Amino acid sequence: MVYLFLADGFEIIEALAPVDMLRRAKLQVKTVGVTGKTVCSSCGVEITADITIEEFEYNNVDAVVFPGGMPGTLNLENNNIVQSLLDKAVLNNALICAICAAPSILGHKGLLNGKEATAFPGFEDSLDGAVLSDKYVVRDGNFITARGAGVSVDFGLEIVKALADEQTACNIRKTIQCK
């Protein structure tokens, strides 16, 4: 199961494009509302999460996904349950994915130390110990990081590639007419 965490102020395309790609790949994904069942994006669009953070149980976690946006990233990072589940994800070798400002959450925890990673320009200093990449989407081991909204589909397809296979990701790319 893939869990994508939403907090008030999240970037809508960075959340919903990966959910769309994962569901097209027939992968199980649930959105988790960190700041409530209804979560407000940075542009004011409200989304109803599948479950709340209080309903989240760490079972069968294949991947965790953190969209960026402000103050969404800060709301994720400042949540003790998110911090705890991130620790469990690392211990269980789950895929950990973050886009835009959200890789800063991983950097602040020292999880990107020695890993190739990227983030929205201006957040590089928050990627403590990372080998900074000029790529838009980067996978290094169990970590996938991406720069921002403009590469949300590519970010989602990289997650599909990691959890399913490259052919599934390529087929989805073709069906949505993406270069």
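Phe 56 touches Tyr 3, Phe 5, Val 32, Ile 51, Val 61 and Leu 85, leaving out residues up to four places away in sequence; contact here means heavy atoms within 4.5 Å. The model is a predicted one, in which local features need pLDDT of at least 70 and side-chain atom pairs count only at pLDDT 80 or more, while totals for chains, interfaces and linings use all residues. Residues are numbered from 1 along each chain as its sequence is written, and side-chain values use heavy atoms, with hydrogens and water left out.

Phe 56 belongs to the largest nonpolar core, which has 31 residues; Phe 5, Phe 56 and Phe 66 touch the most other members. Such a core is a set of buried Ala, Val, Leu, Ile, Met, Phe, Trp, Tyr and Cys residues joined through side-chain atoms within 4.5 Å. Buried means under 20% relative accessible area, exposed over 50%, and partly exposed in between (1.4 Å probe, protein chains only). At least two residues of this core come from each of strand E1 (2-6), strand E6 (63-66), helix H3 (80-91), strand E7 (95-99) and helix H4 (103-108). H3 gives the most, with 4 residues. Another core, of 27 residues, lies apart from this one and includes Val 29, Leu 95, Phe 155 and Val 160. In soluble globular proteins, nonpolar side chains tend to be buried together.

The protein chain as a whole has 6 helices and 11 strands. Both are DSSP runs numbered from the N terminus, helices being H or I of at least four residues and strands E of at least two. The radius of gyration is 15 Å, close to the 16 Å that the globule rule gives for 179 residues, so the chain is as compact as a globular protein of that length. That radius is taken over C-alpha atoms, and the rule is 2.2 Å times the number of residues to the power 0.38. Along its principal axes the C-alpha trace spans about 40 × 35 × 35 Å. Buried residues make up 50% of the 179 residues. Among contacts with a separation of 6 or more, 62% are between residues 24 or more positions apart.

Cys 97, in strand E7, has 0% relative accessibility and counts as buried. Beyond its neighbours within four places in sequence, Cys 97 is in contact with Val 64, Val 65, Phe 66, Ile 144, Phe 155 and Ile 159. The C-alpha atom of Cys 97 is separated by 21 Å from that of Cys 178, 81 residues apart along the chain. Ser 41 sits in the loop between strand E3 (38-40) and strand E4 (46-48). With a relative accessible area of 4%, Ser 41 is buried, and it touches Gly 9, Phe 10 and Ile 12, not counting residues up to four places away in sequence.

Other loop and end positions are exposed. Gly 150, in the loop between strand E11 (143-146) and helix H5 (152-163), is exposed at 76% relative accessibility. Asn 60 lies in the loop between strand E5 (51-52) and E6 and is exposed, with a relative accessible area of 68%. Phi of Asn 60 is near 50°, a positive value in a residue other than glycine. Gln 177, in the segment after helix H6 (166-175), also has a positive phi, near 65°, and counts as exposed at 71% relative accessibility.

The backbone also holds a cis peptide bond, from Met 70 to Pro 71, with omega near 10°. Pro 71 lies in the loop between E6 and helix H2 (72-77).
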